[in-house]
Amino acid sequence: MYSIAKENLNSLYAAIAGSYDLFMPIKTAGQTNYGFWKEGAEGDIDTLKTIRSGKDAFFPQVEQLYTVNREIVPADVAAGDDAEKAADTPVRTKLKVTPGKLVDQDFVIFGMRACDVRAIEVMDNVFLTDPVDSYYKSRREHGIVVALACHEPEESCFCTVFGVDPADPSKAKADVATWMIDGKLYWKALTEKGEALTAKVADLFEQEDADAKVEEEKSYIEGIAKQLPNAELSLEGWGAGKTDEKFKSEVWDKVYKGCLGCGTCTFVCPTCQCYDIKDYTTKDGIQRYRCWDSCMYSDFTLMAGGQNRQTQLQRFRQRFMHKLVYYPTNNDGMFMCVGCGRCVEKCPQSLNIVKVIKAFAENK
Amino acid sequence: MQELINRLKELIADGTVVRAIGWKKGDMPYNPEPAYFEKPEDFDNFVYDGFCGANLSKMMIEAAKLEGKTAVCLKPCDTYSFNQLIREHRVNRENTYIIGVGCRGKLDIEKARKEGIKGIKSIAGVDIEGDGDVTFDTIYGEKKMAYKDLMLDRCHVCKGKDHVIFDEVIGESKDTADADRFEEVIKIEKMTPEERFAFFKSELSKCIRCNACRNVCPACSCRKCVFDNTKFDSQQKANVDSFEEKMFHIIRAFHVAGRCTDCGECSRVCPEGIPLHLFNRKFIKDIDTFYGEFQAGKDPEAQSPLTDFTFDDLEPKDAVGRGDK
Amino acid sequence: MCDCGNNKNQDILVPHVGIITDITQETPDVKTFRVNAPGGGKLFEHMPGQCAMVCVPGVGEGMFSITSSPTNKEYMEFSIKRCGLLTEYLHGLSVGDEITVRGPYGNHFPVETELKGKNLLFIAGGIGLAPLRSVINYCIDNRQDYGTIDILYGSRSADDLVKLKEIKEKWMNTEGVNVYLTIDREQEGWDGHVGFVPAYLKEIDFSTDKIGLICGPPIMIKFVLQGMKELGFTDDQVYTTLELRMKCGVGKCGRCNIGSKYVCKDGPVFRFDQIEEMPDEY
């Protein structure tokens, strides 16, 4: 197995960044979020959870879909030979659509935890099903995922409940698995893409027989995971086909009241993928972009004739039904939550998916 | 805390109020949740400890519209927000029964996390009546921190533990102010414009436009927020470019100027830990300097200097020069 | 119209540019826009009931049903009611102006399967005729594949009846097609039936050997369905189209779902027994 000392990680980042764009957790102004590594950036793989999740790599907050250039031409030019039609209005609008650029160069996502890697699988089922979203697909094809095991899971983590293994990134759909053990990063390529990446930086690594060490680390992490307060959380009653049972329940009225409808949970969640499509008018054309949106916002489903989710209870219920019932119904029982615990840590009013699940369990 | 619970139960039982707003125990020891309490058994989950930092006054906007009176537990800083809401006719005072609750400072779990404390199983030493250190029982061993070091930033510059509006007060308070309120603002004022720009650019680049700050702020209670209005270009849900990401915070700071009571909720809820209170405090400092000391929410009858025009008002040219201060 | 150099990208969210080749004022607030590709011909093919996202860049985008039938080989039509920002702007456009269109989206009425060979009963209210018109014209152009066609269409007033010319000249003159028109209130110059659509439905007392297709304001659909049930129609005999706010049109942005179904992708055409299974959100 390959290994590199922690002190030398900066050279590893520099080496990777020499051939690829390197997207990894970077500490800025006291907080760690994914960003593109540049010389001088403080790469941070010690912090367990980035505030924003790894979904940024494939589904960025703002994505340019296309640009439209508008040209106003005299009507007789527009109408061609039909001078009669040109008589009514003096000018016509002509449009030119330029699609947004697709990612066409490989890039590396470094230090992705098992929960975030599982979240990518969840999003694949949405974006890569027919009709395929080409923006997401091009990022996915060019992204090389380097997953990192979780040395010290936190109390807000409950990924094991969804079958995610924080100890063994090689089980996840990643290209390279890494472990941080005793000041050294251990590296194991899992796929062809991973091998190609490894080859580019192999001269920075040492080679050692670390299988036993890694196994020990895996057992240690698994032991910790079992002690986490939510390790035994039961998903009974949730899943595919449970719409009728859960939708009309009175429990929703008990859990939604504190919700501000702010959208924090949506934006830190690694699987939330609802988006809005908007226009931004500039002098160089109209940029049509898509950006993250939240079903918690009051104008999410707003229509001219009155929207269909007018109360916060309905919006709150929608988000959790989507995560725990609707998505599994459409995707063979796979849950849309990966147990990362970001909503547990970040909700301003301390609401989260664990509280919802527990409230339903108590009110059987 | 038991005294508080008993009193709330009493108020409901004798019909003075129909429901109470307080905090419910969280699934973690540090995340109690603002909640409604109506039946006696609801109070089995009631908690009031050092982690109850949420400002409950904003919940009264909706609660006061319900049938029957609602009791609400307000900390000293929360009462300023409530007064401000009365001033703006946002909340029905008649339908509210205010219990001023004692406070010895509220805690920020992020401070513990910064010290590397994780895998928390239980926390001791955070009761209202307590003293001494806070002890964390974690999977990775026991850790201790001084209560003072765990406190929210805003508690270090506490305006004072006197409730400015209440129907009754329950519980003792302890003074927690040990820093100057405008110290951070002065530090930034002393920076060169380039340094200041770099500082805020770095902080605001973390912003994910989650709107937590706006939704939790008691001063932000517009029925149709300008940022939700599709008629203006300000309804950008995301930061399309770096200009946008600053626009949101600066516009919001302007909108709450003179009405912000400095309750500190915006900074507490920001998931990225952006020190939003700095913008608001700068406005407060400027208002104090130009119009005389004014604390929003202290007196519900007082006119805010920004909506009160007098002949002695400062002229813009005497306030700031371009690129100054 | 896509000029992307080496990076060929015609993603489903990237539209085609269309040119308005004709505008007809149907009623005081409804206009029908005929759209072609700038070089001539149709922008794309579709099936009856499908919709497309019509956009005026910088103003907005909206999902509209394609009201022309796919049997029309020359052009595509949208009948659009003026009721908001985007539609207001569209109504101000002229022939020769360009807009963008992307589609076709959604499922379609099962004209090749469940509806084939059957007697059909179309019930429409106001602008709700637009999606059904696509099906009606498809069936008329393939007349031999379908049984009797009954069309019950009502509007607020005679001036609000959409496509009245086509109804009178084409539909009423086709064999096996019965048209029943009604308006809400008495009006000078109108000697046809007066009364709401649900009431007229009961009066006519249709036999239940038909498949029903309803489209109109939600309140009309509610009462019409009730009336049909009283006549003896079952939930699996009646189709309708649902409408919710849509942005992507392909079931990905998460906006238009009712339960686990996305109206833009699994709909907008739904049979009533399917709607019964959905949670009570709409």
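This is a predicted model: local features need pLDDT of at least 70, side-chain atom pairs count only at pLDDT 80 or more; totals for chains, interfaces and linings use all residues.
Colleague: What does the C-alpha trace of chain C span along its principal axes?

Modeller: About 60 × 45 × 35 Å.

Colleague: What share of the residues in chain C is buried?

Modeller: Of the 282 residues, 52% are buried. Now look at the contacts. Take those between residues at least 6 apart in sequence; 70% of them join residues at least 24 apart.

Colleague: Which domains does the assignment give for chain C?

Modeller: Two are listed: domain 1 covers 16-105 and domain 2 covers 119-241. Their C-alpha centres lie 24 Å apart.

Colleague: How many residues does each domain give to the contact?

Modeller: Domain 1 of chain C gives 15 residues, and domain 2 of chain C gives 14 residues. On the domain 1 side, the elements that supply two or more residues are β1 (16-27) and β5 (76-81) of chain C.

Colleague: Which classes of residue make up that side of domain 1 of chain C?

Modeller: Five are nonpolar, eight are polar and two are charged.

Colleague: Let us take one strand. Is β6 of chain C enclosed or open?

Modeller: Count its buried residues. In strand β6 (residues 98-105) of chain C, eight of the eight residues are buried, so the strand is largely enclosed by the rest of the structure.

Colleague: Which way do β1(C) and β6(C) run, parallel or antiparallel?

Modeller: They run antiparallel, joined by four bridges. Strand β3 (residues 51-56) of chain C also pairs with β6(C) in the antiparallel sense, over four bridges.

Colleague: Which residue in β6(C) stands opposite His16(C)?

Modeller: Val101(C) does. Val101(C) is also the bridge partner of Val54(C). Find Val101(C) in the model, then look to His16(C) and to Val54(C).

Colleague: Now a helix. How do I check the length of α2(C)?

Modeller: Compare the expected span with the distance between the end C-alpha atoms. At 1.5 Å a residue, the 13 residues of helix α2 (residues 129-141) of chain C should span 18 Å; the end C-alpha atoms are 18 Å apart, which agrees.

Colleague: And which way do the side chains of a helix point?

Modeller: An α-helix has 3.6 residues a turn, so residues three or four places apart point the same way. Then ask how many residues are buried. In α2(C), 11 of the 13 residues are buried, so the helix is largely enclosed by the rest of the structure. Among the buried residues are Leu129(C), Arg133(C), Ile136(C) and Cys139(C).

Colleague: What should I look for in the peptide bonds?

Modeller: Look at omega. A cis peptide bond joins Gly267(C) and Pro268(C), with omega about 5°. Pro268(C) sits in the loop between β14 (261-262) and β15 (269-271) of chain C. Another cis peptide bond joins Asp130(A) and Pro131(A), where omega is about -5°. Pro131(A) is in the loop between α4 (114-127) and α5 (134-142) of chain A.

Colleague: And what about phi?

Modeller: Look for positive values in residues other than glycine. Phi of Asp332(A) is near 55°, and phi of Ser350(A) is near 60°. Asp332(A) is in the loop between α11 (312-330) and α12 (342-346) of chain A. Ser350(A) is in the loop between α12 and α13 (353-362) of chain A.

Colleague: Is Asp332(A) buried or exposed?

Modeller: Asp332(A) has 8 C-beta neighbours inside 10 Å; 12 or fewer means exposed. Ser350(A) has 26 other C-beta atoms within 10 Å, so Ser350(A) is buried.

Colleague: Last, the contact of chains A and B. How many residues does each chain give?

Modeller: Chain B gives 34 residues and chain A gives 42 residues. On the chain B side, β2 (33-37), β5 (120-124), α7 (193-204) and α8 (212-216) give two or more residues. The largest share, four residues, comes from β2(B). By class, this side of chain B has 17 nonpolar, eight polar and nine charged residues.

Definitions and conventions. Residues are numbered from 1 along each chain as its sequence is written. Chains are lettered from A and ligands numbered from 1 in the order in which they are written. Domain bounds come from an automatic or database domain assignment. Two residues are in contact if their C-beta atoms, placed from the backbone, lie within 7 Å. Ala, Val, Leu, Ile, Met, Phe, Trp, Tyr, Cys and Pro count as nonpolar, Asp, Glu, Lys and Arg as charged, and the others, Gly among them, as polar. A residue is buried if 20 or more other C-beta atoms lie within 10 Å of its own, exposed if 12 or fewer, and partly exposed in between; C-beta atoms are placed from the backbone. Two strands pair if DSSP finds at least two bridges between them. The expected span of a helix is 1.5 Å times one less than its number of residues.
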